[in-house]
Amino acid sequence: MQLWIHWIYPLAKHNASLIQAELEQLQTAEAEFGSTLSRASWFTAQGLMSFYLGEDETSWNLLREADKISSLPPAAVLGFFDMLHAAQEWDRLAQWLPEIGPLLGSHRNEHLSSYQYYWDAVIQHLPEKAERMWNSLAAMLPYSKDIYQNALITHGRWREWIDYQLSTGREPLELRVSELAPIEKNAPELLLPFYHQAVERYILHKNRAGYKAAVKLLKRLAKLYKKLKQQERWDLFIVALSVRNSRLRAFQEELRRGKLIS
């Protein structure tokens with residue numbers, strides 16, 4: 001593949017008969033080599049020739065067959081994206097990314113970051129392809145969770161980011177302050193249900209660690225309500241919360257220690 005990508009194809013890109021001849025030789029290899037044939041490599045090589053001939057659907061099917069036999073190396077998958085990116089074939093790249101991107105699913109984050117790089121390039125040139133990108137990233141969850149969340153932040157999709165955290169049961173205290181900073185700056189009201197639900201869960205632990213975690217989040221909530229100019233709403237909430245949990249002595253102690261009640 002490297003020989004074809006870097007040496008043969010650049011000199012023979014307009015010579016379809018040479019590529020077709022290579023494909024035909026590959027197709028007869030099964031009869032020649034029999035059981036000694038490396039079928040994953042065989043399918044992948046045919047996929048490359050079909051790619052060069054512009055037979056994309058055939059190429060996708062061949063690559064999927066190769067991956068079924070033995071997971072394709074990330075470099076092989078990303079190589080197709082790189083060729084399309086270098087050729088600035090944005091529409092074609094937008095078709096390839098969701099078709100064979102899932103073959104990267106079980107690999108490390110660094111390869112998925114490269115996958116997101118190619119999507120970003122597509123969207124930069126063809127903004128109308130954005131919905132296809134979101135569908136593709138969502139379809140690759142949970143493997144794509146990191147790049148999916150980063151993309152939501154990058155593109156200012158604050159509500160979807162919060163919804164994803166809520167749906168996966170992620171705790172606010174698991175997140176770095178820097179991860180929450182863009183939401184707090186651009187859509188702080190969206191953090192309210194995220195924090196409120198977590199506070200209730202921490203209180204239900206009914207132990208000192210849970211109460212301390214709840215108070216830590218309550219302090220963040222106090223700042224959010226102040227930022228949103230909803231001080232009265234906060235005052236009503238914290239009083240009601242204290243009254244509702246008045247029998248939890250340790251929780252009351254933590255509320256006082258956090259200077260949330262007097």
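The lining of the second largest pocket splits into three nonpolar, three polar and four charged residues (Ala, Val, Leu, Ile, Met, Phe, Trp, Tyr, Cys and Pro count as nonpolar, Asp, Glu, Lys and Arg as charged, and the others, Gly among them, as polar). This is a predicted model, where local features need pLDDT of at least 70 and side-chain atom pairs count only at pLDDT 80 or more, while totals for chains, interfaces and linings use all residues. Residues are numbered from 1 along each chain as its sequence is written, and side-chain values use heavy atoms, with hydrogens and water left out.

**Second largest pocket**
- The residues lining this pocket are Asp146, Gln149, Asn150, Ile153, Trp161, Arg170, Arg176, Ser178, Glu179 and Pro182 (lining residues have an atom within 4 Å of a point on a 1 Å grid, and a pocket is an open set of points where a 1.4 Å probe fits, with protein on both sides within 12 Å along at least five of seven lines).
- α10 (145-154) gives the largest share of that lining, four residues (helices are DSSP runs of H or I, at least four residues, numbered from the N terminus).

**Helix pair α6 and α7**
- The axes of α6 (residues 74-86) and α7 (residues 90-100) come within 9 Å and cross at roughly 170° (axes are lines fitted to C-alpha atoms over the stretch in contact, and angles run from 0 to 180 degrees between N-to-C directions).
- That angle makes α6 roughly antiparallel to α7 (over 145 degrees).
- Val77, Phe80, Phe81, Leu84 and His85 of α6 meet Trp90, Arg92, Leu93, Trp96, Leu97 and Ile100 of α7 (contact means heavy atoms within 4.5 Å).
- That contact counts nine nonpolar residues, one polar and one charged.

Note on methods: Helix = DSSP H or I, 4+ residues; strand = E, 2+ residues; numbered from the N terminus. Parallel < 35°, antiparallel > 145°, perpendicular 65-115°, else oblique.
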